[in-house]
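Here is a friendly tour of one protein model, written for someone who likes to know how each term was defined. Please keep the viewer open as you read.

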Amino acid sequence: MPLRVLIVEDLPLDAELMALRLQEEGFDPQWTRAQNQENYLLGLEQGPDLILCDWHLPRFSGQRALALLRERGLNIPFIIVSGGIGEEAAVEALRLGANDYVMKDRPARLGEAVRRVLEEKRLRDVHDRDQEQLRLAERVFQNTAEGIKVTDAAGNLVSVNAAFETITGYRAEEALGRNPRFLKSARHDAAFYRNLWATLLETGHWRGEIWNRRKSGEVYPEWLTISAVPDDQGRVTHYVGVFSDITHLKEAQKQIDFLAYHDALTHLPNRTLFRDRLVHALAHARRETRTLAVLFIDLDRFKTVNDTLGHPVGDELLLQVSRRMSEAIRADDTLARLGGDEFVLLLEDADSAQRAATVARKLLECLASSMRVSGHELTVTASLGISLYPTDGEDADTLIRHADRAMYEAKQRGRNNFQFFTQALTDGAFERLVMENVLRGAVGRGELVLHYQPQIALASGRLMGFEALVRWNHPELGLVPPGRFIPLAEEIGIIGDIGAWVLRAACRQLADWDAQGFAVPRMGVNLSVKQIDDAGLTELVASALREAGLGEHRLELEVTESMLMGVPETNRAALNAIKSLGVELAVDDFGTGYSNLAYLKLLPLDRLKIDQSFVRDIGRDGNDEAIVRAIIALARSLGLETVAEGVEEAHQAEFLLREGCNLAQGYLYSRPLPAEALSFPMCFRRD
Ligand SMILES: Nc1nc2c(ncn2[C@@H]2O[C@@H]3COP(=O)(O)O[C@H]4[C@@H](O)[C@H](n5cnc6c(=O)[nH]c(N)nc65)O[C@@H]4COP(=O)(O)O[C@H]3[C@H]2O)c(=O)[nH]1
């Protein structure tokens, strides 16, 4: 390796001798000579490895050369090679930064001196580099954004950086000497930490997410890398943990996850999540053989709002609509926004088309009132389509598609309505909807009418009474039979009004016949289970009798067998109260319920009406005949009369008469007819 040497010497021969000497010592000198300051500075610019400098020069000096070197902060080995440097000057030279001095008359020392100063320089450079490295490491350690914690082999903290303090909230002096365990949150179990240590001991590293607790008590997630630090012998002396607080990352992740499954505007589930839930619900429904419903909801003319009032108003409207709909459904129903003005609803416990229709109606109703949106008063309507599992589809996509198709049908039919994918269901639900709305006003509008069916004494053929049967005469629906509206009236809570009307009308009719001179001994009126529960029933019956001026034993109330068994004690009290008014009691549809005979004995009854299902099969089904016989025998033993319902054929009447049944009612004698259509044979006239 060539050695670049700057020789500061006024005598060229001396300079050459020095170079020669170096060559002899095994160096490969490439040298230049300077004899004044100007040459010297030029030489320095070449970046020499070594300076050999005479102490006394005519136009320069070793002293000056050293000063210039220091001024420039240059660290170049500097040896004084002088003929006559005294001891004092030599000491001064060393003080000023010379590394050695060699007398010109002892050139043999030069090689050794050069070797030594070069080695010292090398060591100094290494040391300086190490120092610089250390300083750099410290700066990096303190300034790095990641928290760093260093423990000794026993796991006690020996060093932490500024980021550690910022993230954990603990100052270094509060943390040092402690095991990092003090940062633990309760989020991980023992197995987690066992696993961490096992990996660290086995591989020397562990990397992962860990939840720790700040000094403030707040639990936060960090991304942590722990590495074992071994010494030269491979023994672990330290562990270093580098971590970053990933709270923000987690929040962003959560936000991203949320938006992946939710609609950004309304925060409702989006199509993906809805489909997931539907698939899941279908698996469940399949396992439990249950049904479910998908409702497709599309706002009517939403585009007009967007186009005329602008998108911000449209968005606000969608928000309000989604809020209203969310409030109208149950917490476990899934309402999703598919995009634009399309929503879809999953009803998991839709055990019937009826519930789906009820919810659809509720949704239409919840939108009915206007909304105040950015200063505008807006009213939106919606068109809904309903598909049902399993009737309308077995899988999620089919059900959504079919609900969509049904929604389209609703649009075609003038919007603001719902349609089932299966048309028959729509018809049924529509009828119910119409009925429910109009039934409420039926009594007030005078649309109810009574038909009367005679009850005949089997033995004599004499008229013993009539049963009053209500019909609803609706201008569009026609004459609606009670089976189609009584249960609905019970459900929507208006049976009380209907029952009261029937009772009064029937009593009035009986009084009218009396006035016309027709001898009708008794009028039977049906009671609904909901009426029995009504505390005002006795009062109602008493006033109906009073208003019509009817005497004792002219009114008979029919209650069903299942009604009697409902709440025995309460019912018994109610029946006794009615009975005390002189009203007779008959058990309707007897044989279809499960009567407790001992209990039956305790009730103030007069008659059992044999259900028409047994009467129908007289002559065809021996079993039914046996039941009829048993009911007649039972009634007789209880001291009650029997009335056979639904007698249509003469042989049925003959059988009943033979078996001792008292009364009969049925098409054989007469269908239920309006009062004006009944004809009373003269024999029914009072004598
Ligand atoms: N196949 C056949 N049917 C016959 C025959 N004779 C009579 N019927 C029908 O059998 C039903 C007898 O009434 P119910 O068992 O009390 O059953 C009644 C009763 O439970 C209820 N209902 C009728 N009017 C009222 C009322 O004012 N209040 C209450 N709560 N329920 C009523 O509605 C039910 C059905 O009434 P309707 O449709 O009028 O049906 C009546 C009558 O029209 C026959 O020979 N063959």
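## Ground rules

This is a predicted model, in which local features need pLDDT of at least 70 and side-chain atom pairs count only at pLDDT 80 or more, while totals for chains, interfaces and linings use all residues. Residues are numbered from 1 along each chain as its sequence is written, and side-chain values use heavy atoms, with hydrogens and water left out.

Helices (H or I, at least four residues) and strands (E, at least two) are DSSP runs, numbered from the N terminus.

Strand β1 (residues 2-8) and strand β2 (residues 28-34) run parallel and are joined by seven bridges; two strands pair if DSSP finds at least two bridges between them. Within this pair, Val-8 stands opposite Ala-34 in β2. Together with helix α1 (residues 12-24), β1 and β2 make a right-handed β-α-β unit. Right-handed here means that, with the strands pointing away from the viewer, the path from the first strand over the helix to the second runs clockwise.

Helix α1 also packs against helix α5 (residues 108-143), at an angle of about 65° and with the axes 9 Å apart. Axes are lines fitted to C-alpha atoms, for helices over the stretch in contact, and angles run from 0 to 180 degrees between N-to-C directions. The two helices α1 and α5 are therefore roughly perpendicular to each other (under 35 degrees counts as roughly parallel, over 145 as roughly antiparallel, 65 to 115 as roughly perpendicular and the rest as oblique). The crossing of α1 past α5 is right-handed: a crossing is left-handed if the near helix is turned anticlockwise from the far one by less than a right angle, and right-handed if clockwise. Met-18, Arg-21 and Leu-22 of α1 make the contact with Ala-108, Leu-110 and Val-114 of α5, where contact means heavy atoms within 4.5 Å. By class, the contact of α1 with α5 has five nonpolar, no polar and one charged residues. Ala, Val, Leu, Ile, Met, Phe, Trp, Tyr, Cys and Pro count as nonpolar, Asp, Glu, Lys and Arg as charged, and the others, Gly among them, as polar.

## The antiparallel sheet

An open sheet of five strands has the order β7-β6-β10-β9-β8, with antiparallel pairing. At its edges are β7 (157-160) and β8 (205-213), each pairing on one side only. From one strand to the next the twist averages 25°.

Inside this sheet, strand β9 (residues 219-230) is joined by nine bridges to strand β10 (residues 236-245), and the two run antiparallel. Leu-224 stands opposite Phe-243 in β10. Helix α9 (residues 247-261) lies across β8, β9 and β10, running at about 130° to β9.

## The mixed sheet and its helices

Another open sheet has five strands in the order β12-β13-β11-β16-β17, and its pairing is mixed. Why is one side of β12 (334-339) and of β17 (418-420) left without a neighbour? These strands stand at the edges, each with a single partner strand. The twist averages 20° from one strand to the next. Five bridges join β12 to strand β13 (residues 342-347), and this pair runs antiparallel; Leu-335 stands opposite Leu-345 in β13.

Helix α14 (residues 396-412) packs on the sheet, touching β11 (292-299), β16 (382-389) and β17, and its direction makes about 145° with that of β16. Helix α10 (residues 271-287) packs with α14 at about 115°, with their axes 9 Å apart, and α10 and α14 are therefore roughly perpendicular to each other. The crossing of α10 past α14 is right-handed. On the α10 side, Phe-274, Arg-275, Leu-278, Val-279 and Leu-282 meet Ala-396, Asp-397, Leu-399 and Ile-400 in α14. The residues of this contact of α10 with α14 comprise seven nonpolar, no polar and two charged.

## Two backbone details

The peptide bond from Tyr-389 to Pro-390 is cis, with omega near 5°. Pro-390 has its place in the loop between β16 and α14.

Arg-301 has a positive phi of about 55°, although it is not a glycine. Its location is the loop between β11 and α11 (302-309).
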